[in-house]
Amino acid sequence: MTTSKQPTGLILNIQHFCTHDGPGIRTTVFLKGCSLRCKWCSNPESISLKPELAYKRSQCIGAKACGLCLKEPCVERAFYVVEGEDDRVHVNWDLATDCGKECADVCPTGALYMFGQEMTVDEVLAEVEQDSAFYRESGGGITLSGGECQLQADFCGALLAEAHRRGIHTAIETAFNVPWANVEKVLPHVDLVLHDHKLTDSDWHKKWTGVDNRQIMANFKRAYETFPNTQFIARTPIIPGVNDYEAHIRSTLALIRQYPNVIDYELLPYHRYGESKYEFLGKVYELKDFTSPTAESLQRLQAIIDEAFGRSGQPAEG
Ligand code: SF4
Ligand code: SF4
């Protein structure tokens, strides 16, 4: 129930026992909505700021055995069967308006389901605090991710402030492509910011993510300077042919090494996850040609970072 006056957020998923989203064992809350359109995105369900209908055809038991979605609920008549095929339904995605009012509820097998659930701060923290014993043991806490969590800035600020009040360490994963007014609401309640730095060149940034990086770059610098007691870790998802080149790594280092509160720079090798989710949402995965970076390429780039941070002999993860 969402009856209190607390701000509510549109939550995609709450994942327990995460170990790559900040220190210790963490509970990661994925928020819906993103302001970038990265061509390699493996989370298409996180892009829209609205709840979204999804359909796994392999789980449909067919119109004869069930057929519930073909009857009452859908006023748009978005579901149909094709004669001569097996009788599992198809979705006309032009008609499926994502209202999700009833079709996902009536589907007995979970073939139809919704991405995105509205939750209050207390509801999220009730689930997060199930893991408090692990936070205490491991130095972990809560991490907000997305999509771009800072798009829901009022909710994020309220959630993280309350987590702090309860003694929970807070982190966010962000690409910083939001107005500064959003950042000001969120960052005062954040202990650690894990932020993407996808591409240095603004035109390339636009080509690959849909927007140039001017707002992002301005936000980086302003955030480092405005929140000197907050820790930052820069991250680059390495996509071969897009940003696996030394100039990008060196220019990121030239920026972040000016700020002592940027404590590290991590490389995240691209993996081809999430392709099937495009199909479940009736979307097309445009770029099937991306490959994962090689271990050699990662090691070469990691060595540049290690040298800049005064480390040596630390092999990159493959
Ligand atoms: S309600 Fe679900 S299982 Fe039943 S026909 Fe529709 S999609 Fe298939
Ligand atoms: S920032 Fe992340 S969620 Fe948003 S489009 Fe890029 S890869 Fe997808």
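Contact, in this tour, means heavy atoms within 4.5 Å. Helices are DSSP runs (H or I, at least four residues), numbered from the N terminus.

The model is predicted: local features need pLDDT of at least 70, side-chain atom pairs count only at pLDDT 80 or more, and totals for chains, interfaces and linings use all residues. Residues are numbered from 1 along each chain as its sequence is written, chains are lettered from A and ligands numbered from 1 in the order in which they are written, and side-chain values use heavy atoms, with hydrogens and water left out.

**Stop 1: helix 8 and helix 10**

Select residues 246-256, which are helix 8, and residues 295-308, which are helix 10. On the helix 8 side, Glu246, Ile249, Arg250 and Leu253 meet Arg300, Leu301, Ile304, Ile305 and Ala308 of helix 10. By class this contact has 6 nonpolar, no polar and 3 charged residues. Ala, Val, Leu, Ile, Met, Phe, Trp, Tyr, Cys and Pro count as nonpolar, Asp, Glu, Lys and Arg as charged, and the others, Gly among them, as polar.

The axes are 10 Å apart, and the helices pack at an angle of about 20°. Helix 8 is therefore roughly parallel to helix 10 (angles under 35 degrees count as roughly parallel, over 145 as roughly antiparallel, 65 to 115 as roughly perpendicular and the rest as oblique). Axes here are lines fitted to C-alpha atoms, for helices over the stretch in contact, and angles run from 0 to 180 degrees between N-to-C directions.

**Stop 2: helix 2 and helix 4**

Next, select residues 121-128 (helix 2) and 153-165 (helix 4), whose axes come within 10 Å and cross at roughly 45°. Helix 2 and helix 4 are therefore oblique to each other. Val121, Val124 and Leu125 of helix 2 make the contact with Phe155, Ala158, Leu159, Glu162 and Ala163 of helix 4. The contact has 7 nonpolar, no polar and 1 charged residues.

**Stop 3: the nonpolar cores**

Now select Ile142, Leu144 and Leu187, which touch the most other members of the largest nonpolar core, a set of 66 residues. A nonpolar core is a set of buried Ala, Val, Leu, Ile, Met, Phe, Trp, Tyr and Cys residues joined through side-chain atoms within 4.5 Å. Helix 4 gives the most to this core, with 6 residues. Leu53, Phe79, Cys107 and Ala111 are among the 13 residues of a second, separate core.

Return to Ile142: not counting residues up to four places away in sequence, Ile142 touches residues including Leu125, Leu159 and Ala163.

**Stop 4: Asn219**

Finally, select Asn219 in helix 7, residues 214-226. Asn219 counts as buried because its relative accessibility is 5% (buried means under 20% relative accessible area, exposed over 50%, partly exposed in between, with a 1.4 Å probe and protein chains only). Leaving aside neighbours within four places in sequence, Asn219 is in contact with Phe176, Val178, Trp180 and Val183.

Notes
Helices (H or I, at least four residues) and strands (E, at least two) are DSSP runs, numbered from the N terminus.
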